[in-house]
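Hi there,

Here is the structure I promised to pass on. Have a look at it first, then read my notes below.

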Amino acid sequence: MKIAVSGCGIAGATVAFLLAEQGHAVTVFEQAGESLAVGAGILVSPTGQQMLHQAGILAGLMEHSAWLEGMLAVLENGRRLTELRYGWLDGQLFGLGVHRGRLFERLLERCRAAGVEIRNGFCVETCEERARELVLRDTSGACATGFDCMVVADGSRSRLRKKLFPATRVVEYRHAALWVTAPCDFQPGHLYQVVRGTNRLVGLLPIGKGESSFFWGLPADSFQPLKQAGFAAWRDEVLGICPESESVFSTVSSFGQLTYARYRHVVMPRWHTERVLFLGDAAHATSPHLGQGVNLALQDAVCFAECLASSHGFGDACRNWVSRRRRQLRYYQQLTRLISPFFQSHGNLLAGLRDFGLPLLGRVPWTRRQMLRTLCGFKQGWLK
């Protein structure tokens, strides 16, 4: 088949080379003028690692990543809020702290090797389903024709989703994040987070080569006042909450070096038509609090490639994909929506409930096991 892929991110690049390696003619349409290896640090869970292993990418990536034992969250006063270690579930499990750009470079290499055509500067806005082909048009009116089907992986702001599924529910979170990747002397061997109430969240994710991805959660409407108060004042506030991040500021000295990111919650009424399928954040974006966005995207891509290889046509593959993915995706969407206010909101009551209840949940064997399974990305029944 001739397959179009809208969006050259993690999900789009992964599904593109997997389908091309099956013998399909794949063209990726990307709105950026150039596909660059940029982005923040990502936490690749055991399930994400399994997908990368199946795709033949994991071994080379591990050499340039940080092996992580789990995650640790503490309050500003140093009191432990929660600690989860992969080894408590299975001694062979671990997480990988990875620079998104390093993963993306390897995905692009596989796309080129598989013969995927990448068309930059083409932002797919509409898709017309004709009798024998799909017709794609970008925001400038340019046209691409001759495709049998399409995979949409153009992110949480997907233009095509608005056109094909206008009933999709999209909730813009009132909180955002500032992030940067920089050298960091503090390399704890786990994802490290410090919280103050529900409106201050600092995180450090080691990603290999002595670097960490630093992130700062904040109310979205406070960013401009923050900049007006000045970088030095903000840096002092960060170091007052998380002194472990001090070495980050040896190379970061202005807001211009930071990336500001907003997040949204996306619930689609359906994930596909007979000839178009949505994957990754385009289909099921959530807040980043469970750290599963990239892992779910990788599973989406690998699962669909398997479905297409074993199904009778694209539409049948889409239905099989939904059958296999629905339960896990709905679980993470609902859970992320539930817990986000306990870490980023304006509620002091929620902070008190979190600070009291979360340590208790971590001490109960059954709930701690479920928390670990969620951190690992396991579906129900994957690991007894």
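Arg-132 counts as exposed, because its relative accessibility is 79% and exposed means over 50% relative accessible area (buried is under 20%, partly exposed lies in between, with a 1.4 Å probe and protein chains only). You will find Arg-132 in the loop between β9 and β10. Apart from its neighbours within four places in sequence, Arg-132 is in contact with Asp-148 and Arg-275, where contact means heavy atoms within 4.5 Å. Arg-132 and Glu-274 are 142 residues apart in sequence, with 13 Å between their C-alpha atoms in space.

Before you go on, please note that this is a predicted model: local features need pLDDT of at least 70, side-chain atom pairs count only at pLDDT 80 or more, and totals for chains, interfaces and linings use all residues. Residues are numbered from 1 along each chain as its sequence is written, and side-chain values use heavy atoms, with hydrogens and water left out.

Next, the strands on either side of that loop. Strands and helices here are DSSP runs (E, at least two residues, for strands; H or I, at least four, for helices), numbered from the N terminus. β9, β10 and β11 form an open sheet of 3 strands in that order, with antiparallel pairing; two strands pair if DSSP finds at least two bridges between them. β9 (124–129) and β11 (143–147) stand at the edges with a single partner strand each, so one side of each has no neighbour in the sheet. On average, neighbouring strands of this sheet are turned by 20° against each other, direction ignored (axes are lines fitted to C-alpha atoms, for helices over the stretch in contact, and angles run from 0 to 180 degrees between N-to-C directions). Between β9 and β10 (residues 134–138) there are 5 bridges in the antiparallel sense, and Val-124 stands opposite Asp-138 in β10.

Now for a helix. α1 (residues 10–21) has 12 residues and spans 17 Å from its first C-alpha to its last, close to the expected 16 Å; the expected span is 1.5 Å times one less than the number of residues. How many residues of α1 are buried? The count is 11 of its 12, among them Ile-10, Val-15, Phe-17 and Leu-18. The buried residues of α1 pack against β1 (2–6), β2 (25–30), α4 (100–114), β12 (149–152) and α9 (293–310). Just after α1, Gly-23 takes a positive phi of about 105°.

β12 deserves a look of its own. Cys-149 and Val-151 point one way from β12, while Met-150 and Val-152 point the other way, and all are buried. β12 runs parallel to β1, joined by 4 bridges, and Ile-3 has Cys-149 as its bridge partner. β12 also runs parallel to β18 (residues 276–278), with 3 bridges, and Val-152 stands opposite Phe-278 there.

Finally, the cysteines. A disulfide is a covalent bond between the sulfur atoms of two cysteines. The cut-off used here is a pair of cysteine sulfur atoms within 2.5 Å, and the structure holds 0 disulfides. Cys-111 is buried at 1% relative accessibility, and Cys-127 is buried at 11%.

Happy exploring!
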